Amino acid sequence: MWELISAGGWLMLPIILSSVIAAAIVIERLWALRSARVAPPALLGQVWQWVREGKLDAERLKTLRGDSPLGEIMAAGLNNSKHGREIMKESIQEAAGKVIHELERYLNTLGTVAAITPLLGLLGTVIGMIDVFSAIMIQGTGNTGVLAGGISKALITTAAGLTVAIPALFFHRFFVRRVDELVVAMEQEATKLVEVLQGNREVDSPITAPVSKEPVSRVGSTRRGART
């Protein structure tokens, strides 16, 4: 392995550094974007139980806010539920923007790694071919060892760049899709919370009362803004 790195030249150093960064991001995001951590399925029922039993005090709201991203969104809505439906929805949207930004953390960096490592490999290819033609100009085509060294540098850096870029691109697409799925799940739970507190819906049962004709704004409406 060391011989390959040495043969690839100095461009192998940024490629290796990029691979370390990509691996760290993948491991961290796999842990952070677990569904049970981001949007616990039983959280809405637990919150509604606290509301019915009058146990939703400031301490439980603090615990709810720090428990999960979905809990942070729900806590923002619950804090402002007494101010009416519109204020509650606005507070949920504001909290959702912050949560989505946190879910997308490091994804731009991972996408950058996926984009630049093939270019680094291509740059190594160009430098290797320059070395080859320089050797031909000076020594002619008789010194095959020098020619092989330049070609080897070109091939090794290209292979190394693609080896890093392919999995980085795969996981970048995977995590973007994963964030989209989690945002939809949190959107649905937040919408249920608004309807339940407004008396339009029962938890974990079909809607028994007429739903207000006023549209419930989508938590995901802040998603595009959170990417910027």
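The model is predicted, so local features are reported only at pLDDT of at least 70 and side-chain atom pairs only at pLDDT 80 or more, whereas totals for chains, interfaces and linings use all residues. Residues are numbered from 1 along each chain as its sequence is written, and side-chain values use heavy atoms, with hydrogens and water left out.

**Whole chain**

Begin with the protein chain in cartoon view. It contains 10 helices and zero strands; helices (H or I, at least four residues) and strands (E, at least two) are DSSP runs numbered from the N terminus. Of the 228 residues, 37% count as buried, where buried means under 20% relative accessible area, exposed over 50%, and partly exposed in between (1.4 Å probe, protein chains only). Among contacts (heavy atoms within 4.5 Å) with a separation of 6 or more, 76% join residues 24 or more positions apart.

**Nonpolar core**

Select L64, I73, M74 and M186. These residues have the most contacts inside the largest nonpolar core, which has 44 residues. A nonpolar core is a set of buried Ala, Val, Leu, Ile, Met, Phe, Trp, Tyr and Cys residues joined through side-chain atoms within 4.5 Å. Elements giving two or more residues to this core include α2 (12-32), α5 (58-67), α8 (107-139) and α9 (144-197). Helix α9 gives the most, with 12 residues. In soluble globular proteins, nonpolar side chains tend to be buried together.

Centre the view on L64. Leaving aside residues up to four places away in sequence, L64 touches L43, V47, G71, E72, M74, A75 and L78.

**P40**

Move to P40, in the loop between α3 (35-38) and α4. P40 counts as buried because its relative accessibility is 16%. Beyond its neighbours within four places in sequence, P40 is in contact with S35, D67, S68 and L70.

**R29 and Y106**

Select R29 in helix α2. With a relative accessibility of 3%, R29 counts as buried. Not counting residues up to four places away in sequence, R29 touches E102, L103, E104, R105, Y106, L107 and F175.

Y106 is partly exposed, because its relative accessible area is 39%. Its phi is near 70°, a positive value in a residue other than glycine. Most residues other than glycine have a negative phi.

**Largest pocket**

Finally, select R37, P69, E72, E102 and L103, which lie nearest the centre of the largest pocket among its 16 lining residues. On a 1 Å grid over the protein atoms alone, a pocket is an open set of points where a 1.4 Å probe fits, with protein on both sides within 12 Å along at least five of seven lines; lining residues have an atom within 4 Å of a point. The volume of the largest pocket is about 250 Å³, taken as the space filled by probe spheres set on the points, with grid points joined across faces, edges and corners.

Helices α2, α5, α6 and α7 each supply at least two residues of the lining, and α7 gives the most, with four residues. Colour the lining by residue class to see five nonpolar, two polar and nine charged residues; Ala, Val, Leu, Ile, Met, Phe, Trp, Tyr, Cys and Pro count as nonpolar, Asp, Glu, Lys and Arg as charged, and the others, Gly among them, as polar.
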